[in-house]
Amino acid sequence: MREAGRISAEALKAVGEAVRPGVTTFELDRIAHACITKHGASSAFLNYNGFPATACVSINDEVIHGIPGRNRVLKEGDLVSVDLGAVYRGYVGDNAATFAAGELSPEAKRLNDTTRESLFEGIKMAVAGGRVGDISEAIQRYCEERGYSVVRDYTGHGVGRKMHEDPCVPNFGTAGRGVRLMPGMVLAIEPMINGGTCAVKVMPDGWTVKTRDGKLSAHFEHTVAITADGPKIMTLL
């Protein structure tokens with residue numbers, strides 16, 4: 001899983017470095033696919049439940065699951081969320097980050113920074129003997145104290161031989177509740193945070209999820225192992 005995580009992280013880094021105005025989301029997807037396959041891995045997303053691409057690329061008010069397209073050209077100031085994963089020798093790495101195409105507005109930058117930091121607030125609580133709710137509450141509290149809302153309809157999850165395994169890891173909840181965290185568990189912790197309401201809607205393509213009020217959204221994710229020595233981030237280069 002360390003190797004699957006490293007490959008996933010390298011692919012995400014390569015895509016992030018390519019995010020800029022004028023680039024198409026299709027090009028970003030090609031970069032992700034090339035990076036994953038050159039390491040002898042395969043995409044965890046391509047054809048997963050019918051998803052047609054290697055990476056989910058979601059822009060501005062798109063929360064998750066955006067489908068890359070040849071005609072989707074990034075513009076100055078776009079907030080670009082990229083979610084991708086790799087399968088290596090039967091194990092999955094899964095990670096996401098939100099990047100800036102050019103210069104972000106102060107509003108977009110603050111949302112993005114808050115979402116990124118909330119991920120690490122959650123990871124701090126991913127300790128053996130704790131509960132999933134400890135992670136959930138840490139993320140929710142950090143974001144809501146700063147005026148943002150936490151998406152309820154989609155959550156983090158366990159990850160291992162499959163991309164989505166038990167337990168569910170919500171980004172909202174109550175500390176001390178939920179599944180107990182044990183050494184050997186691996187979780188995909190992934191806050192999806194909105195600038196306005198937490199309400200979302202699925203678009204007619206059946207995949208792309210947008211905020212209902214049209215406000216910005218950001219998304220960060222790491223694959224994290226629970227160990228006796230504390231949380232170990234598997235998708236950190």
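Predicted model: local features only at pLDDT ≥ 70, side-chain atom pairs only at ≥ 80, totals over all residues.
Visitor: What makes α4 count as mostly covered?

Guide: A residue is buried when its relative accessible area is under 20%. In α4, 10 of the 13 residues are buried; among them are V132, I135, I139, Y142 and C143.

Visitor: How do you know that the span of α4 is close to the expected one?

Guide: The helix runs over residues 132-144 and reaches 19 Å from its first C-alpha to its last. At 1.5 Å a residue, 18 Å is expected, and the span is close to that value.

Visitor: Why is S217 called buried?

Guide: The relative accessibility of S217 is 1%, and the cut-off for buried is under 20%; S217 therefore counts as buried. S217 lies in strand β13, which covers residues 217-219. Beyond its neighbours within four places in sequence, S217 touches N60, D61, E62, V63, L79, S81, L111, I193, N194 and T211.

Visitor: What makes the pair formed by the side chain of S217 and the backbone oxygen of I193 a polar contact?

Guide: A polar atom of the S217 side chain lies 3.3 Å from the backbone oxygen of I193, and the limit for such a pair is 3.5 Å.

Visitor: Why are C168 and C198 called partly exposed?

Guide: Partly exposed lies between the buried limit of 20% and the exposed limit of 50%. C168 has 44% relative accessibility and C198 has 26%, so each falls within that range.

Visitor: What makes the radius of gyration of the chain agree with that of a compact globule?

Guide: For 237 residues, the globule rule gives a value near 18 Å; the chain has 16 Å, so the two agree. Buried residues make up 53% of the chain, which contains four helices and 15 strands.

How values were computed: Residues numbered from 1 in each chain as written. Heavy atoms only, no water. Helix = DSSP H or I, 4+ residues; strand = E, 2+ residues; numbered from the N terminus. Buried < 20%, exposed > 50% of the residue type's maximum accessible area, 1.4 Å probe, protein only. Contact = heavy atoms within 4.5 Å. Polar contact = N/O pair within 3.5 Å; in protein donor to acceptor, adjacent residues only side chain to side chain. Expected span 1.5 Å × (residues − 1). Rg over C-alpha atoms; globule rule 2.2 N^0.38 Å.
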